[in-house]
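I opened this notebook to record what I looked up in one structure. The entries follow the order in which I consulted it.

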Amino acid sequence: MTAARYWRVTFSSSSVGLSTDIWLDEVEFLDSTMQIIPATGGAVIASSEYSAAHLKEQAFDGLTTSNGWSGAAGMWPQWIGYVFSVPVAPAYVRLKLPENAGASDELPVVGGIFVDRSEDGVSWIGGGPSVVSGSIAVGQTIVCSVVAGYLPRAIGTIHRTPDVGFDSGQLQIT
């Protein structure tokens with residue numbers, strides 16, 4: 001597996017589609033022996049935050065008693081990750097899903113979880129959908145594989161510059 005400083009988990013939709021968000025209690029990057037790669041000395045990154053009660057840092061605080069992280073509703077794809085102080089090569093990502101029954105519409109879906117890496121936090125490389133072990137349900141913990149054989153993959157929304165046509169090739173992917 002290739003080592004990188006920037007790692008994120010990207011979600012293409014929630015259990016009820018694109019009208020809601022993703023809610024996670026904890027995110028842990030694991031090595032090939034399933035040991036936690038400590039998320040210390042770096043920075044938590046995320047596509048968005050639902051509110052001050054669901055900050056991205058809470059997904060890496062080691063507590064399942066906090067509100068965890070939740071992305072902004074209706075903004076897709078959603079992702080959360082970590083910038084490690086040195087390059088790491090995780091083999092798995094463990095996601096602890098919230099205990100709150102109200103989170104049942106904010107869970108990820110099988111086939112919609114991707115693990116991406118980056119050297120600079122701007123250009124991302126990812127593989128196909130992660131293989132998920134565990135049940136995606138309230139209060140459960142799932143483990144997602146970091147798919148080998150990474151392929152470049154654009155994740156985001158394509159925006160056209162207002163004064164430039166699509167044929168110019170000047171597209172911005174965010």
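Entry 1, a covered strand. I found that Ile113, Val115 and Arg117 point one way from E8, that Phe114, Asp116 and Ser118 point the other way, and that all are buried. Buried here means under 20% relative accessible area, with exposed over 50% and partly exposed in between (1.4 Å probe, protein chains only). Strand E8 spans residues 113-118, and six of its six residues are buried. I took strands as DSSP runs of E with at least two residues, numbered from the N terminus.

Residues are numbered from 1 along each chain as its sequence is written, and side-chain values use heavy atoms, with hydrogens and water left out.

Entry 3, neighbours of E8. Which strands pair with E8? I recorded strand E1 (residues 4-11), antiparallel over six bridges, and strand E9 (residues 124-126), antiparallel over three bridges. Two strands count as paired if DSSP finds at least two bridges between them. Valine 9 has valine 115 of E8 as its bridge partner, while aspartate 116 stands opposite glycine 126 in E9. The hairpin of E8 and E9 has five residues between the strands, and glycine 121 there takes a positive phi near 80°.

I found its charged end over the ring of tryptophan 79, 4.8 Å from the centre. Arginine 8 also lies over the face of tryptophan 124, at 4.1 Å from the ring centre. The criterion requires NZ of Lys or CZ of Arg within 6 Å of the ring centre and within 35 degrees of the ring normal.

I noted six of them in the structure. Phenylalanine 60 and tyrosine 82 form a tilted pair, 5.4 Å centre to centre with 40° between the planes. Rings of Phe, Tyr and Trp (its six-membered ring) pair if their centres lie within 6.5 Å; planes under 30 degrees apart are stacked, over 60 edge-to-face, and the rest tilted. Both phenylalanine 60 and tyrosine 82 are buried. Ring pairs link Phe29, Phe60, Tyr82 and Phe84 into a cluster.

The chain averages a pLDDT (the predictor's confidence in each residue, from 0 to 100) of 81, and 83% of the residues score at least 70. Where pLDDT is low, the predicted coordinates should not be read in detail.

Conventions:
Helix = DSSP H or I, 4+ residues; strand = E, 2+ residues; numbered from the N terminus.
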